[in-house]
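Please read this briefing alongside the sequence and the model, which are displayed next. The points after the lead sentences are grouped by topic.

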Amino acid sequence: MLRLSELKLPLDHAPEALREAILARLGIGDTELLDWTIARRAHDARRRSAILMVYSVDVTLADEAAVLARFAGQPRLRVTPDDRYVPVATAPAGVPRPVVIGAGPCGLFAGLILAQMGFRPIILERGKVVRERTKDTWGLWRRGVLEPESNVQYGEGGAGTFSDGKLYSQIKDPRFLGRKVLTEFVKAGAPPEILTEAHPHIGTFRLVTMVEAMRQTIKDLGGEYRFGTRVEDFEVERGPGGARRLRGLHLHDGSFLEADHVVLAVGHSARDTFARLHARGVHIEAKPFSIGVRIEHPQSWVDEARFGACARHPDLGAAAYSLSHHCTNGRTVYSFCMCPGGRVVAAASEPGRVVTNGMSQYSRAEFNANSGLVVGIEPERDYPGDPLAGIELQRHWESLAFVAGGSNYNAPVQLVGDLLAGRASTALGAVTPSYKPGVTPTDLSACLPDFVMESFREALPAFGRQIARYDHPEATLTGVETRTSSPIRITRGRDFQSLNTQGLFPAGEGAGYAGGILSAGVDGIKIAEAVARAILGEDVVE
Ligand code: FAD
């Protein structure tokens, strides 16, 4: 089979036009094309008046060798890569069971791959099963009641469960591990088009049922889940020569679980866990992340700016955007985790703090488009010294946001026009912020650093030149967005184990090795392979 890429057709092409385009590009007759399937479908809307659909197709030809020879050296035709996943190990009988901490995308895939290899993992999750967790999460959104152990960040499915379910990533993936993640998602009930869409997304409702289906698969393979089980501390011993080695885990109920191969997939909000790891001497470094707000516009404005007369075309869906601006103060403002046709959600996990994020349903049919609008910050410049200083910085601004919102989990909001004019907002305008339980018009300078406000003042008009009405005076900014990525890295060596603590396998977003659902799932696969090899005494090299 051969893969032919960059086949471009007009947005409204007839279904048979794709076959004709294949024949024309390859210069072959109808009978020579035995079969074909779409491998990838994207759109190119750089010219709004001539939006194109861009395909990669897998073709089966009567004489593939001859066609390949004719196209030698042309990257748009190559042998279709074999993207099937091959497990790296099989567990012999009686091997010790590995433990996975966290049932987010990283822990879920670590658990699944370990289970598929026969290692019968034990998965410890501080939060609840996803259905119960959903009720608690909505409790904050509907009633302003935060459940500290069951919320948007904690519980089965992890942080991505109440999300837009965007499933793409910029990571290098020579082994097609992302494909394995998507394939497992489809088996668990995701729409099959996520395998071909260039920018797939699932939406929050389906994620809930998929997470349940994957739990059942892991259990059927001999894995075990323990919900409501928080890892409180780590027992580390010194072996011969002084090498540090993990011996087991202290759980919230006072019990001790012996474990010498532990995947640490706790996400970026497990602040108490990071503090314990630091206290136990596990090597942790501060790393850059970003802070800012969620910006909202009517989705129709974004659709029109992006797609012009083709706005709302069924093959295009709700328009997304990605923006970046380098400011004269040396900071970079960029859009983050844009959610077309979605809503801004309360994403706090600690009492007395306000944090924003975004989610949507599969249909992406809600009224507003929202996106993080954030400014990059870095340890050397903004939170030097302590490896955990970034966490304290997050807490500081989240607490001020809580106060600015009215100390009742309402979020502080400011209109773009007011921010640009340097005055507090006192009322809302044409754009109704979607954040629940509610918002309080105010001055965001009360809960964001001056350099962030200054950067927004420069970047918003620049973005308005790229997307019409982006800097509309009545667009809203809801704060604060602080959990963009982990503020720390729990550094691992080439064997995927903590730099200074054998047996501890830091993974996923919290450890600083992923950003987003897909990359967290991919990292879960890699870490499961490393654990399997370590248990079997094989060398592991990244
Ligand atoms: P997490 O998903 O954070 O999972 C960590 C798990 O560990 C949690 O379930 C937690 O309860 C558990 N845990 C923590 N500490 C302990 C402990 N001590 N003991 C036991 N268990 C513990 N990404 C995308 O790619 N696309 C999106 O559309 C998207 N939208 C998002 C929307 C929202 C509202 C949020 C909050 C995030 C979104 N993200 C999105 C980001 C994505 O969710 C994360 O990148 C991803 O979930 C990280 O996966 P993870 O497994 O590393 O960590």
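Ala, Val, Leu, Ile, Met, Phe, Trp, Tyr, Cys and Pro count here as nonpolar, Asp, Glu, Lys and Arg as charged, and the others, Gly among them, as polar. On that basis the residues of the shell around the ligand divide into 21 nonpolar, 18 polar and six charged. The model is predicted, and local features need pLDDT of at least 70, side-chain atom pairs count only at pLDDT 80 or more, while totals for chains, interfaces and linings use all residues. Residues are numbered from 1 along each chain as its sequence is written.

**Domains and ligand**

- The protein is divided into domain 1 (2–79), domain 2 (99–285 + 488–535) and domain 3 (288–481), with bounds that come from an automatic or database domain assignment.
- The C-alpha centres of domain 1 and domain 2 lie 39 Å apart.
- The ligand is surrounded by 45 residues, of which the closest are Gly 102, Gly 104, Gly 158, Gly 267 and Gly 508; a residue is near a molecule if its C-beta atom, placed from the backbone, lies within 6 Å of it.
- Two or more residues of this shell are given by each of helix H3 (105–116), strand E15, strand E16 (356–359) and helix H13 (517–535), where helices (H or I, at least four residues) and strands (E, at least two) are DSSP runs numbered from the N terminus.
- Because domain 2 and domain 3 both give residues to the shell, the ligand lies between them.

**Nonpolar cores**

- The largest nonpolar core has 124 residues, and those with the most contacts inside it are Ala 110, Val 263 and Leu 264; such a core is a set of buried Ala, Val, Leu, Ile, Met, Phe, Trp, Tyr and Cys residues joined through C-beta atoms within 7 Å.
- Helix H13 provides the largest share of this core, twelve residues.
- Domain 2 and domain 3 both contribute residues to this core, so it lies between them.
- Another core, of eight residues, lies apart from it and includes Trp 301, Ala 318, Ala 319 and Ala 369.

**Leu 108**

- Leu 108 is placed in helix H3, and it counts as buried because it has 32 C-beta neighbours inside 10 Å; a residue is buried with 20 or more other C-beta atoms within 10 Å of its own, exposed with 12 or fewer, and partly exposed in between, with C-beta atoms placed from the backbone.
- Leaving aside neighbours within four places in sequence, Leu 108 is in contact with Ala 103, Met 214 and Gly 524, contact requiring C-beta atoms, placed from the backbone, to lie within 7 Å.

Terms used: Two residues are in contact if their C-beta atoms, placed from the backbone, lie within 7 Å.
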